Amino acid sequence: MERTLAIIKPDAVSKGVAGEILSQYEKAGFKILAMKMLHLSKKQAGGFYAVHQGRPFYESLCAFMSSGPCIALVLEAGDAIQKNRKLMGATDPAKAEPGTLRKKYATSIERNAVHGSDAPETARFEIGYFFNGLEPVDNQG
Ligand code: ATP
Ligand code: MG
């Protein structure tokens with residue numbers, strides 16, 4: 001089993017589709033090991049997306065991610081990282097496959113509804129950014 005960090009981004013929370021998205025993680029076979037709603041500061045959003053510092057969209061991305069509450073989740077499944085990337089679809093909703101979360105819920109390449117870790121090292125960093133070691137429950141069988 002593998003873990004990945006997912007975020008239901010502020011655009012999806014404010015649209016009122018967080019519950020639908022949670023349900024789709026479950027239907028896809030992910031176990032939700034941890035979950036919290038929080039309103040990031042711009043600095044906290046910047047720390048999360050530090051790999052993109054210097055990119056032209058960085059400032060706007062940090063403003064968007066701190067514009068309202070988001071929901072951070074630890075999801076577990078076999079091949080969870082790739083499985084979630086597939087469920088999310090392409091970064092740009094115009095290029096996302098039908099049925100994917102971004103196709104259904106994103107409004108633009110920036111306001112694209114969900115985040116998912118892209119590799120084991122980034123998943124470790126991202127899970128640790130939002131959750132302490134005791135928070136993901138490990139006794140769900
Ligand atoms: P995420 O990391 O949020 O799961 P991703 O891995 O598909 O998305 P990244 O390249 O890591 O895409 O970009 C991080 C986020 O930055 C994107 O999800 C999107 O919100 C924003 N972003 C990426 N590229 C652009 C762009 N060209 N213009 C505006 N925003 C962008
Ligand atoms: Mg990314």
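Ala113 is buried, because its relative accessibility is 0%. Ala113 is found in the loop between α6 (101-105) and β4 (114-116). The model described here is predicted.

- Thr91 has a polar side-chain atom 2.5 Å from an oxygen atom of ligand 1.
- In Glu110, the atom concerned belongs to the backbone: an N or O atom there lies 2.8 Å from an oxygen atom of ligand 1.
- In Asn112, the side chain takes part, with an N or O atom 2.8 Å from an oxygen atom of ligand 1.
- On its own, ligand 1 has 580 Å² of accessible area, and the protein covers 81% of that area.

**Residues with positive phi**

- Ala113 has a phi near 70°, which is a positive value in a residue other than glycine.
- Asp79 is not a glycine either, yet its phi is positive, at about 55°.
- The loop that holds Asp79 runs between β3 (70-77) and α5 (80-88).

**Gln24 in helix α2**

- Gln24 is placed in helix α2, which spans residues 18-27.
- Gln24 counts as buried because its relative accessibility is 15%, and the cut-off for buried is under 20%.
- The side chain of Gln24 makes a polar contact of 2.5 Å with the side chain of Lys104.
- A polar contact also joins the side chain of Gln24 to that of Tyr105, at 2.8 Å.

- Ala28 lies in the loop between α2 and β2, and β2 covers residues 31-38.
- Ala28 has a relative accessible area of 28%, so it is partly exposed.
- Ala28 and Gly133 are 105 residues apart along the chain, and their C-alpha atoms are separated by 25 Å.

**Ala50, between α3 and α4**

- Ala50 has its place in the loop between α3 (42-48) and α4 (58-65).
- Ala50 counts as partly exposed because its relative accessibility is 37%.
- The C-alpha atom of Ala50 is separated by 9.8 Å from that of Cys62, which is 12 residues away along the chain.

**Pro69, between α4 and β3**

- Pro69 is in the loop between α4 and β3.
- With a relative accessible area of 32%, Pro69 is partly exposed.
- A separation of 22 Å lies between the C-alpha atoms of Pro69 and Gln53, which are 16 residues apart along the chain.

Conventions: Residues are numbered from 1 along each chain as its sequence is written. Chains are lettered from A and ligands numbered from 1 in the order in which they are written. This is a predicted model: local features need pLDDT of at least 70, side-chain atom pairs count only at pLDDT 80 or more; totals for chains, interfaces and linings use all residues. Side-chain values use heavy atoms; hydrogens and water are left out. A polar contact is a pair of N or O atoms within 3.5 Å; within protein, one must be able to donate a hydrogen and the other to accept it, and residues adjacent in sequence count only if both atoms are side-chain atoms. Accessible areas come from the Shrake-Rupley method with a 1.4 Å probe; for residues, only the protein chains shown count as cover. Helices (H or I, at least four residues) and strands (E, at least two) are DSSP runs, numbered from the N terminus. Buried means under 20% relative accessible area, exposed over 50%, partly exposed in between (1.4 Å probe, protein chains only).
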